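Thanks for coming, everyone. Please have a look at the structure on the screen before I start.

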Amino acid sequence: MSQEKLLSKVVDLASAYYGRRDAAPVFPRITPDQLRRAFGAGSPMPEQGQDAEEVIAGLAETAQLGLVAQTGPRYFGFVIGGSLPVATAADWLTSVWDQNAGLYASSPASSVVEEVAASWLLELLGLPRTASVGFVTGCGTANFTGLAAARHYVLRQAGWDVELDGLNGAPPINIILGQEAHVTVHTALRMVGLGTRSIKSVPTDAQGRMVAAELLKTLRSCKGPTIVVAQAGNVNTGAFDPLQEIGSAAREAGAWLHVDGAFGLWAAVSDQLKHLTSGAELADSWATDGHKWLNVPYDCGIIMCAHPEAHRAAMTVTAAYLVQSDKERDPFEWTPEFSRRGRGFTVYAALKHLGRSGVRDLIERSCARARQMADLLRREPGVEILNDVVLNQVLVRFNNSDDFTRGVIERVQQDGTCWLGGTTWHKVAAMRVSVSNWSTTERDIELSAQAILRAARAPVTVP
Ligand SMILES: Cc1ncc(COP(=O)(O)O)c(C=O)c1O
């Protein structure tokens, strides 16, 4: 079968998938062992290959058994955005082109599209237009990249070259985080060799926001190189650290401020919401995701840095065989990855398709749907909304009981109308609802709220 025929077969398979997706339960009803058997686990690696069309048809049929309708309108788990059709289409082309986006010399188009997408992103998010931008796998890696740039910068200020001399014997770095910092900030600290034991942890309030007065106290107690990590959008509540106060205090103290804004940074595009990100522009680096709220396919994270020289110094290397350009963008100089996918194409396509007004609409609509969900649920006796719904996240508790709340989550998951997960918020169990998908309608929220309330009203069998 020709390459073209095979790809047109894939178009049919994709249409069939979309056709079934919203009718099927959002989470598949299959056990891990059934899935293993379906994929042929335990069978030896085949000696002889199989026809490509058969492989693809078989893969689609088998994978289908265990796929979650994450691109669908009623998936509210974690913070998972669906994929805009234009972004999926651009992603398909990215695969067809299969560019190694590391160097301008390996793919001029990948390099220049990143340049354009980067400049649009900075404009959209209200960040300095001179900031450097890297396209990475996700916000976790963006946090890592930002902290590597921070480590370079604060140690350079102290007369230490960390890229050459490593951390042995280096001046100690103060690391200040809010108690609610995302776990990937901890992973990033491990990876940059700073560890997590010496974190100076700043208390947070009932919504998970860093208490600015406590941060000031902590900053005053620090001498020498200092990195502060603040958060735009708590993974549970959607709350924002007080960025204006944190930004001013960090500047005054000469500390590097990194903002983890995996989804929250996108609030900057909306007049209704941008007060939440006010002060973000004072930071030195910002991490966010394309694959969450911009609704481009996995994987796509973005690191932006107000000090391009520090960002580049932390990431770049050189070798005789590399054709590095002194005029054009070599994308690998801004990311930990060397060879990589042309992620700029999907971001460019999404931004060009939506325009500023479309991105604003996507963000504002998601927040309106989150408020709608909270309003539909809070009318029911025994239902409590634990957070101020300032963004797209809703935390729900039932009958003031951990067991009952976990039971409701399980029954909703089994029902299949929608999917959402649980969390523990300030020591109590809660249901998490994250509305991050362009296609979620008011009707989807109504249907999902009905399913949640059915699960909450269902008689509970006592064993
Ligand atoms: C605040 C925050 N930071 C970082 C991350 C990690 O992002 P990713 O999963 O894209 O690496 C998340 C994921 O939900 C998040 O909410």
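One term first: a residue counts as buried when its relative accessible area is under 20%. With that in hand, take strand S11. In S11, 6 of the 7 residues are buried, and the strand is mostly covered. One caution: this is a predicted model.

Let's build out from S11. What is the order of the strands in the open sheet? The order is S8-S9-S11-S10, 4 strands in all, and the pairing is antiparallel. Now the edges. Strand S8, residues 383–385, is at one of them, and strand S10, residues 421–425, is at another. Each has a single partner strand, so one side of each has no neighbour in the sheet. The strands are also turned against each other. Between neighbours, the average is 40 degrees, direction ignored.

On to the pairings. Strand S9 covers residues 393–398, and strand S11 covers residues 428–434. They run antiparallel and are joined by 4 bridges. Pick out Val396: its bridge partner in S11 is Met431. S11 also pairs with S10, again in the antiparallel sense, over 5 bridges. Here, look at Thr424. Its bridge partner in S11 is Ala429.

A word on side chains in general. In a regular strand, they alternate between the two faces of the sheet.

Next, the turn. S10 and S11 form a hairpin with 2 residues between the strands. Find His426 in that loop. His426 is not a glycine, yet its phi is positive, about 45 degrees. Is His426 buried or partly exposed? Its relative accessibility is 41%, so His426 counts as partly exposed.

There is another residue of this kind. Asp98 is not a glycine either, and its phi is positive at about 45 degrees. Asp98 lies in the loop between helix H4, residues 85–97, and helix H5, residues 108–125. With 62% relative accessibility, Asp98 counts as exposed.

While we are on backbone details, go to Tyr298 and Asp299. A cis peptide bond joins them, with omega about -5 degrees. Asp299 sits in a loop too, between strand S6, residues 285–289, and strand S7, residues 301–305.

Helix H12 does, touching S8, S9 and S11. The direction of H12 makes about 150 degrees with that of S8.

Arg378 belongs to H12. What does Arg378 contact, leaving aside its neighbours within four places in sequence? It is in contact with Val383 and Ile385. Its relative accessibility is 43%, so Arg378 counts as partly exposed.

In general, nonpolar side chains tend to be buried together in soluble globular proteins. Here, the largest nonpolar core has 61 residues. Those with the most contacts inside it are Leu265, Trp266, Trp286, Leu294, Met304, Val359 and Leu391. Which helix gives this core its largest share? That is H12, residues 344–378, with 8 residues.

Now a helix pair. Helix H6 spans residues 139–157, and helix H11 spans residues 308–315. They pack at an angle of about 105 degrees, with their axes 8 Å apart. Angles of 65 to 115 degrees count as roughly perpendicular. H6 and H11 are therefore roughly perpendicular to each other. On the H6 side, the contact is made by Thr145, Ala148, Ala149, His152 and Tyr153. From H11 come Glu309, Ala310, His311, Ala313, Ala314 and Met315. By class, this contact has 7 nonpolar, 3 polar and 1 charged residues.

Look for it in the loop between H11 and H12. Is Arg340 buried or exposed? Arg340 counts as buried, because its relative accessibility is 6%. Its contacts, apart from neighbours within four places in sequence, are Gln99, Asn100, Ala101, Gly102, Glu114, Phe135, Pro331 and Thr335. As for Thr88, it is 252 residues from Arg340 in sequence and 18 Å away in space, C-alpha to C-alpha.

That's my tour. Questions, please.

Note on methods. Residues numbered from 1 in each chain as written. Predicted model: local features only at pLDDT ≥ 70, side-chain atom pairs only at ≥ 80, totals over all residues. Heavy atoms only, no water. Axes fitted to C-alpha atoms, helices over the stretch in contact; angles between N-to-C directions. Parallel < 35°, antiparallel > 145°, perpendicular 65-115°, else oblique. Contact = heavy atoms within 4.5 Å. Nonpolar A, V, L, I, M, F, W, Y, C, P; charged D, E, K, R; others polar. Core = buried A, V, L, I, M, F, W, Y, C linked by side-chain atoms within 4.5 Å. Buried < 20%, exposed > 50% of the residue type's maximum accessible area, 1.4 Å probe, protein only. Pairing = 2+ DSSP bridges.
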